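Please keep the sequence and the 3D view at hand as you read.

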Amino acid sequence: MLGMMELVKNELQKKEVPYEYGEWTSKVSYPYFVGSFQETENFFEDERTTGIFTIDGWARGSKLALFEFVETIKHTFTNLYEVVDGTLYFAYNPIALPTPTGENDLYKVTVTFNTTEWKGSGE
């Protein structure tokens with residue numbers, strides 16, 4: 001799980017997406033994105049683990065910058081894989097869903113994508 005969180009953070013930093021995991025702790029400047037991760041139950045013999053990564057984006061005033069970042073996020077996590085210290089991290093199938101906020105000038109969108117992690121046996 002920590003490896004996937006690090007991979008997401010690093011990829012979004014490369015793309016200059018304003019992102020933090022868990023909660024936004026910096027001075028609020030729109031748009032910004034906050035990530036969360038939910039591991040799913042796994043019963044795989046090959047010891048892989050799966051999960052769902054969620055990134056919520058917020059903007060005020062204009063939706064344009066928000067959705068430009070959404071397209072960047074979706075493109076970044078379409079079949080992204082990386083091997084780190086014998087573990088394969090794979091992110092795939094991103095979808096975005098705008099969510100009403102109840103406020104006229106506050107916009108929210110949620111991007112979710114699936115994750116899989118396989119730890120090598122070291123052999």
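I52 lies in strand β3, where strands (E, at least two residues) and helices (H or I, at least four) are DSSP runs numbered from the N terminus. This is a predicted model, in which local features need pLDDT of at least 70 and side-chain atom pairs count only at pLDDT 80 or more, while totals for chains, interfaces and linings use all residues. Residues are numbered from 1 along each chain as its sequence is written, and side-chain values use heavy atoms, with hydrogens and water left out.

Leaving aside neighbours within four places in sequence, I52 is in contact with S36, F37, Q38, T40, T112, F113, N114 and T115, contact meaning heavy atoms within 4.5 Å.

The pairing of the strands comes next. β3 and β6 run antiparallel and are joined by 12 bridges; two strands pair if DSSP finds at least two bridges between them. Within this pairing, A59 has Y107 of β6 as its bridge partner. β6 also pairs with strand β5 (residues 87–99), again in the antiparallel sense, over 11 bridges. There, T99 stands opposite K108 in β6. The hairpin of β5 and β6 has 6 residues between the strands, and G102 takes a positive phi near 85 degrees in it.

From that hairpin we can turn to the charged side chains. R60 and E103 meet in a salt bridge at 3.3 Å, N to O; the rule asks for a side-chain nitrogen of Lys or Arg within 4 Å of a carboxyl oxygen of Asp or Glu. R60 lies in strand β3 and E103 in the loop between β5 and β6, so the pair ties together parts that are 43 residues apart in sequence. Salt bridges that share partners join R60, E103 and D105 into one network. R60 counts as partly exposed at 34% relative accessibility, and E103 counts as partly exposed at 39%.

E6 and K9 both lie in α1 (residues 2–14), 3 residues apart, about one turn of the helix, and the closest N and O atoms of their salt bridge are 3.2 Å apart. K14 and E11 form a salt bridge at 3.0 Å, N to O; because they are 3 residues apart in α1, about one helical turn separates them. K14 counts as exposed at 58% relative accessibility, whereas E11 counts as buried at 8%.

Finally, look inside. The structure holds 1 cavity of 30 Å³ or more, and the largest cavity has a volume of about 40 Å³. On a 1 Å grid over the protein atoms alone, a cavity is a set of points where a 1.4 Å probe fits but cannot get out, and lining residues have an atom within 4 Å of a point. Grid points are joined across faces, edges and corners, and the volume is the space filled by probe spheres set on the points. Among the lining residues are M1, M4, F37, T50 and T115. β2 (32–39), β3 (49–60) and β6 (106–119) each supply at least two residues of this lining.

Methods:
1 Å grid on protein atoms, 1.4 Å probe; cavity = no way out; pocket = protein on both sides within 12 Å on 5 of 7 lines; lining within 4 Å. Buried < 20%, exposed > 50% of the residue type's maximum accessible area, 1.4 Å probe, protein only.
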